[in-house]
Amino acid sequence: LESRIRQIEYLGSKLKSAGIPLIEPFGGHAVFIDASGFLNSVPREEFPAQTLAVELYLEGGIRTVEIGTLLADRDPVTRENRYPELELVRMAVPRRVYTDKHMDYVAAATISVFERRNSIKRGFKIKREANILRHFTIELERL
């Protein structure tokens, strides 16, 4: 557990020193990126957190999770998207043996996306979604 917490602090510190907007203090299992601050050109209705999660995966194969509008789902009565206060991307470190080199790789790929963030102007639109728990099976289209 101490090693895992230290790795989160290590990764968070590398990302913070690059100017990436993060939620602090860093968690015991994850670093949370402020996706709206990271991709401030992507309109909120185009899912900036999901857009960032996709960019991180394409850049470096980094699997993250969107904790934002898609996860918040729709209002059950109005069916309008619920927009949480923050659009976050969670970078969790699973209970496996990772080295600092792995964290360096994750940081480098994330910084690479951050350096080209101004070229990412659009996000996604929903093509198909389930009535509940849409984030598990949603189908998106890049705009």
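Colleague: Which residue is the bridge partner of F32 in β3?

Modeller: Start from the pairing. In this predicted model, F32 has R90 in β3 as its bridge partner. That bridge belongs to a set: β1 and β3 run antiparallel and are joined by five bridges.

Colleague: What stands opposite V65 in β3?

Modeller: R90 in β3 stands opposite V65. The next pair to look at is E66, with V89 of β3 opposite. Three bridges link β2 and β3, again in the antiparallel sense.

Colleague: What is the strand order of the open sheet?

Modeller: Two strands count as paired once at least two bridges join them. Follow the pairs and the order reads β1-β3-β2, three strands with antiparallel pairing. The edges are β1 and β2 (65-67), each of which pairs on one side only. From one strand to the next, the twist averages 30°.

Colleague: Which helix packs on the sheet, and which strands are touched?

Modeller: Helix α1 does, touching β1 and β3. The direction of α1 makes about 25° with that of β1.

Colleague: How many residues of β1 are buried?

Modeller: Buried means under 20% relative accessible area. Four of the five residues in β1 pass that test, so the strand is largely enclosed by the rest of the structure.

Colleague: Which residues of α1 are buried?

Modeller: They are Q7, I8, L11, G12 and L15. Look down the axis of α1: these buried residues fall within an arc of 130°, so they line one face of the helix. They pack against β1 (30-34), β3 (88-92) and α5 (100-115).

Colleague: Which exposed residues sit on the face of α1 turned away from the buried side?

Modeller: That face carries E2 and S17.

Colleague: Which residues have the most contacts inside the largest nonpolar core?

Modeller: Read a core as buried nonpolar residues joined through side-chain atoms within 4.5 Å. The largest one here has 26 residues, and L15, I33, F38, L52, L56 and M91 have the most contacts inside it. Two or more residues come from each of α1, β1, α2 (35-38), α3 (48-60), β3 and α5. The top contributor is α5, which gives six residues.

Colleague: What is F38 in contact with, leaving aside neighbours within four places in sequence?

Modeller: Go through the partners in sequence order. F38 is in contact with I20, P21, I33, L52, T110, V113, F114 and R117.

Colleague: Now the loops. Which residues does the cis peptide bond join?

Modeller: Check omega. At E24 and P25 omega is about 0°, and the peptide bond joining them is cis. P25 belongs to the loop between α1 and β1.

Colleague: What is the phi of D73, and is D73 buried or exposed?

Modeller: D73 has phi near 70°, positive in a residue other than glycine. Its loop lies between α4 (69-72) and β3. D73 counts as buried because its relative accessibility is 12%.

Colleague: Where is L133 found, and what is its phi?

Modeller: L133 is in the loop between β4 (124-128) and β5 (139-142). Its phi is near 50°, again a positive value in a residue other than glycine. With 47% relative accessibility, L133 counts as partly exposed.

Colleague: How many residues apart in sequence are A130 and D73, and how many Å apart in space?

Modeller: Compare the two separations. A130 and D73 are 57 residues apart in sequence, yet their C-alpha atoms are 9.9 Å apart in space. A130 sits in the loop between β4 and β5. It counts as partly exposed, at 25% relative accessibility.

Definitions and conventions: Residues are numbered from 1 along each chain as its sequence is written. This is a predicted model: local features need pLDDT of at least 70, side-chain atom pairs count only at pLDDT 80 or more; totals for chains, interfaces and linings use all residues. Side-chain values use heavy atoms; hydrogens and water are left out. Buried means under 20% relative accessible area, exposed over 50%, partly exposed in between (1.4 Å probe, protein chains only). The arc is that of the directions from the helix axis to the C-beta atoms. Contact means heavy atoms within 4.5 Å. Axes are lines fitted to C-alpha atoms, for helices over the stretch in contact, and angles run from 0 to 180 degrees between N-to-C directions.
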